[in-house]
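My notes follow in the order in which I read them.

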Amino acid sequence: MRRRVLTTFVLLIALVAGLMGLVPGPARAAVPDPVPDPVVTGPIGTAGIHGHALFDSWYDLGREGYEDAEYFVSGTARSLAVPTTTAPYTTRIVVTRPKDEARFNGTVLLDWVNVTAQFENAVDSVLAHQMLLREGFAIVAVSAQSAGICCTPLTPKVWDPVRYASLSHPGDDYAYDIFSQVAEAVRSPGAVAPLGSLPVKRVLAAGQSQSASKLDTYVRQVQPSAQVIDGFLIHGGGSKIWDPAPSVPVLQLFSDREASPQRPNTLENYRLWEVAGSSHADFWIGYHQEMGQGPRTVADAPRRPASDADAVDAVAGNYGEQVHPLQTVCIAAGALFPMRYATAAALHHLDQWVRGNGAPPVAPPYAFDATGSLAKDQWGNAMGGIRLPPIDNPVARYQSTTCNLGGVTVPLTEPEIAQLYPTHADYYARMVAATNDSVAAGFLLPEDAADLLTRACAAKNRWPGDPGADC
């Protein structure tokens, strides 16, 4: 409601200025179109067959000072294609939030949850969850699309028809207005506040793959009028060409699968990061789904202690320094290159950009051969782009597009490793230098740099008989 009052005031100013000839006609298009206030219900609690939300946290968030809760959001949404057409809806959101204000950094990340697999996958939230929690973000997983509501075994309406009996989605053409209304409910809550008493200062949106394409459309067609989101991470989809430039900061994150020689046409409110060696879907996501979320979703396993999450992270974060039986399994695992580091850095920089603390660094582009294909080095790894330490100091071949949406990882042999790095100490020294460079360039956060070097230190077993670096 507060936003409606502000919008009315802005409209009056614009009308008076227009009558006085002070504002040219096109500027009026930037005046926000009020987003309806939806009805928020919840927290839903232990209702239903399973007694918990589908895809809630599978481990105890208390150690981080966090909690999660599910809410239903209801209202009337407009069609994007035919704005005069409206339909009622009830969807759901899963909110992960700090328990107290001192832990909250003021920024809410709305994750337009991916539904390519015909069930929901909050890709960017999972990729960057360590950074999001340590920096104090609140996270809202938004069931924006109809495939996230029904009708496969891992969708709410089928998984728990009692808990989710009231959910109803009119179709994806209404998803954009539904997403705006969720943002409005977060920014200016009514009787039920999804963030509790936390003071929301900024709202970011992220989406990967199909969700990225939806957000691309949102930025171009909805954001200029809705103006309820402050910045966007468009990950693995969308176009590099903007006409006009985005009205708010947009960081586009590409893997090898999205590589093309076409270059962006603007740096105004826009950055493109292309991450060499990365795949569209990777091991970090697959392993968390299978070993973390899977037992809770399929068997209603109780939440596990945070130490179990640490153990899953330890394996899922393998960048190829250890041989793992799932690294050649397409889609469900396979691709070990750590896109999670780039995703965390991207969201961190996007938040700082929206705060007014400067734009993210301009990233180098991918390199292409004479045929227009992504250029590869002697190990078959991508050339150009953002070069995180494992790509310039390889211990594996990152066959990032072998499975289209996924990739596989082929470890270098012991002779190949010895040829590149005579000792583990030599390898570790090179990783330290490359890591420092990536941090200085802004593409790797210091905390993730420490994680990476811990893993590089533990890779001593790849040099049999070598005592390894003293690290």
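I started with Asp216, which is buried at a relative accessible area of 9%. The model is a predicted one. Asp216 makes a salt bridge with Arg220, and their closest N and O atoms are 2.8 Å apart. Both residues sit in helix H6 (residues 210–226), four residues apart, so about one helical turn separates them. I noted the general rule that an α-helix has 3.6 residues a turn, so residues three or four places apart point the same way. Arg220 counts as partly exposed, at 31% relative accessibility. I also found Arg220 over the face of Trp242, 3.7 Å from the ring centre.

Next I went through the other salt bridges. The whole structure has 25 of them. I picked Glu70 and Arg92, whose closest N and O atoms are 2.7 Å apart. This pair links distant parts of the chain, with Glu70 in strand E2 and Arg92 in strand E3 (residues 86–98), 22 residues apart. Is Glu70 buried or exposed? Glu70 is buried, with a relative accessible area of 3%. Arg92 is buried as well, at 2% relative accessibility. Arg92 also meets the side chain of Glu120 in a salt bridge, at 3.1 Å from N to O. Glu120 lies in the loop between E4 and H2 while Arg92 is in E3, so this pair ties together parts that are 28 residues apart in sequence. Glu120 is buried, with a relative accessible area of 9%. I recorded one salt-bridge network too, which links Asp56, Asp68, Arg296 and Arg303.

Then I turned to the aromatic rings. My search of the whole structure gave 14 aromatic pairs. One of them is Phe55 with Phe119, a tilted pair at 6.4 Å centre to centre with 40° between the planes. Phe55 is in the loop between strand E1 (39–41) and strand E2 (66–78), and Phe119 is in the loop between strand E4 (107–112) and helix H2 (123–127), so the pair ties together parts 64 residues apart in sequence. Phe119 is partly exposed, at 23% relative accessibility. The rings of Phe72 and Tyr164 are 6.0 Å apart at their centres with planes at 45°, so I listed this pair as tilted. Phe72 is in E2 and Tyr164 in the loop between helix H4 (156–159) and helix H5 (175–187), 92 residues apart. Both Phe72 and Tyr164 are buried. I also noted one aromatic cluster, formed by Trp112, Tyr176, Phe179, Tyr218 and Phe232.

I looked up Thr155, which lies in the loop between strand E5 (138–142) and H4. Thr155 is buried, with a relative accessible area of 0%. Beyond its sequence neighbours up to four places away, Thr155 touches Leu54, Gln118, Phe119, Ala147, Gly148, Ile149 and Cys150.

I finished with helix H7 (residues 283–299). H7 has 17 residues and spans 23 Å from first to last C-alpha, close to the expected 24 Å. Where does H7 bend? The bend, about 55°, is at Gln293, and Pro295 follows within four residues. The buried residues of H7 include Trp284, Tyr287, Gln293 and Arg296. Among the elements covering the buried residues of H7 are H2, H4 and helix H9 (339–355). Asp300 follows H7 and has a positive phi, near 55°.

Definitions and conventions. Residues numbered from 1 in each chain as written. Predicted model: local features only at pLDDT ≥ 70, side-chain atom pairs only at ≥ 80, totals over all residues. Heavy atoms only, no water. Phe/Tyr/Trp six-rings, centres within 6.5 Å; stacked < 30°, edge-to-face > 60°. Helix = DSSP H or I, 4+ residues; strand = E, 2+ residues; numbered from the N terminus. Buried < 20%, exposed > 50% of the residue type's maximum accessible area, 1.4 Å probe, protein only. Lys NZ or Arg CZ within 6 Å of the ring centre and 35° of its normal. Expected span 1.5 Å × (residues − 1). Bend = angle between axes of the 7 residues up to and from the residue. Contact = heavy atoms within 4.5 Å. Salt bridge = Lys/Arg side-chain N within 4 Å of Asp/Glu carboxyl O.
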